[in-house]
Amino acid sequence: MPFTADLVCRDLTKEFKGFRAVDHVSFDVPQGSFFSILGPSGCGKTTLLRMIAGFQFPTSGDLLIKGKSMIDVGPNKRPVSMVFQHLALFPMMDIGKNIGFGLRQRGVPAAEIKQRVGRVLERVGLPGIENRQVSQLSGGQKQRVAIARCMVLEPDVLLLDEPLGALDLKLREHMKIELKALQAEFNTTFVYITHDQSEALVMSDNIAVMNKGKFDQIGTAKELYYEPANAFVAGFVGDANRFEGKVTAINDRLVTIVTDGGITRQAQAAAELPIVGQRALAFVRPEAIQLSKTAYDSATHPNASAQIVDSVLFNGANSVVLLRDPQSGETLHAGLPQTGDFLGLGKGETIHTNWHATQARCFVAEGH
Ligand code: ATP
């Protein structure tokens, strides 16, 4: 079989004085793809990226780029380049000198540097800005220059350490699309770390969800969103309502749970099938919840219930209604349908909700 992965990590582990920050992580990144590592603060993302860059030595495991082990290769000899959150552009140098810096370090002749800097600036959509100062650029332009400074070195793998983290929301939204387009333009393997799931979902060909030093799941955005492998992924990727309770019945893969507030819910077992009496968690996406002004027939709609409106969070197409169960006090949030039927909903009103059990995912609760 032809070898197509640019980056391969095998059982990569990093321990700091007995604390395992990265715990036997294995993955392959195909050439020219956008791979994100998504996880909460402290899960080990930066440590993993620093091992790939060569700034951190693994405790065990192997790391290959284009089929060659990098374990004994120093950071400046690896075919990787890294974009940092604060970009680290040199303020005293103009743009041309910033981008040409790495080439000068490598002893590339001045005429060739000039040519390559000009070419890479064109490719990031900023032709002819060699003589501008860093302070004269917008936040988005600085991002592109930081990427150009790496790409001029023609790395096999570009590592990006939360490069959008310091930008304001609007620019971040714009840069997501731009980064994806730049990656396609260069056709270089990008490894991107972030704790922001919307960045990872929008840009990546594949995403690894990292939790406590381990990869819980690797998959496409759609796989993680619709088929989460465990409760952590279901709760971390995308928005979801979460219920916890005791399993009272199982029919094929449909699990009935009675929540701690005494409400009966049905969901589909996502992974391991629980057993009756066990504690389980269920997740349902806000957009999977149907709203109605009239009651659903509970005999045919096992997840139907009457809810009280707590508030409506208007946000155009992403508007959400916050609901409360009048008996148990359990809360639920649902997407507001764009039909206009529910625009007049007000606090304290009663509304009926339902969802198909096959659209909710159920997992055995940890430790049960
Ligand atoms: P963040 O998103 O906040 O940057 P992260 O997912 O990148 O977090 P890491 O920086 O990789 O997480 O840290 C993982 C764990 O390893 C943390 O508990 C951290 O305290 C610990 N850690 C990282 N570097 C060291 C070090 N040099 N010595 C000891 N512990 C460390």
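**View 1. Arg123 is partly exposed, with a relative accessible area of 39%.** Here, buried means under 20% relative accessible area, exposed over 50%, and partly exposed in between (1.4 Å probe, protein chains only). Glu185 is also partly exposed, at 38%. This is a predicted model, in which local features need pLDDT of at least 70 and side-chain atom pairs pLDDT 80 or more, while totals for chains, interfaces and linings use all residues. Residues are numbered from 1 along each chain as its sequence is written, and side-chain values use heavy atoms, without hydrogens or water. The side chains of Arg123 and Glu185 form a salt bridge, with 2.8 Å from N to O. (A salt bridge is a side-chain nitrogen of Lys or Arg within 4 Å of a carboxyl oxygen of Asp or Glu.) Arg123 belongs to helix α3 (residues 110–123) and Glu185 to helix α5 (residues 169–186), so this pair links distant parts of the chain, 62 residues apart. (Helices, H or I of at least four residues, and strands, E of at least two, are DSSP runs numbered from the N terminus.)

**View 2. Lys66 and Asp6 form a salt bridge.** Their closest N and O atoms are 2.6 Å apart. Lys66 sits in the loop between β4 (60–65) and β5 (68–69), while Asp6 sits in strand β1 (residues 5–16), so the pair ties together parts 60 residues apart in sequence. Asp6 is buried, at 3%. The whole structure holds 15 salt bridges.

**View 3. Lys180 and Asp205 meet in a salt bridge.** The distance from N to O is 3.7 Å. Lys180 is part of helix α5, and Asp205 is part of the loop between α6 (197–203) and β9 (206–211), so the contact ties together parts that are 25 residues apart in sequence. Both side chains can be followed in this view. Lys180 is partly exposed, with 26% relative accessibility. Asp205 is partly exposed too, with 32%.

**View 4. Domain 1 (7–231) and domain 2 (240–364) divide the protein chain.** These bounds come from an automatic or database domain assignment. The domain centres, taken over C-alpha atoms, are 39 Å apart. How many residues of each domain are in contact with the other? Eight residues of domain 1 contact eight residues of domain 2. (Contact means heavy atoms within 4.5 Å.) About 590 Å² is buried between the domains, and carbon and sulfur atoms give 49% of that area. On the domain 1 side, Tyr225, Pro228 and Ala231 lose the most area to domain 2, and together they make up 71% of what that side buries. (Buried area is the accessible area, 1.4 Å probe, that two parts lose on being put together, summed over both.)

**View 5. One salt bridge crosses the interface of domain 1 and domain 2.** The side chains of Arg361 and Glu227 meet in a salt bridge, with 3.4 Å from N to O. Helix α7 (residues 221–226) gives the largest share of the domain 1 side that touches domain 2, with three residues. (A polar contact is a pair of N or O atoms within 3.5 Å; within protein, one must be able to donate a hydrogen and the other to accept it, and residues adjacent in sequence count only if both atoms are side-chain atoms.)

**View 6. Thr259 lies in strand β12 (residues 254–259).** Thr259 is buried, with 4% relative accessibility. Leaving out residues up to four places away in sequence, Thr259 touches Phe243, Glu244, Gly245, Arg265 and Glu330. Which side chain makes a polar contact with the side chain of Thr259? The partner is Glu330, at 2.7 Å. Val247 is 12 residues from Thr259 in sequence and 8.8 Å away in space, C-alpha to C-alpha.

**View 7. Thr188 and Gln278 each lie in a loop.** Thr188 is in the loop between α5 and β8 (189–194). Thr188 is buried, with a relative accessible area of 8%. Its contacts beyond four places in sequence include Gly32, Ser33, Met151 and Gln183. Gln278 is in the loop between β13 (264–269) and β14 (279–284). Gln278 is buried, at 15%. The side chain of Gln278 reaches the backbone nitrogen of Ile275 at 2.8 Å.
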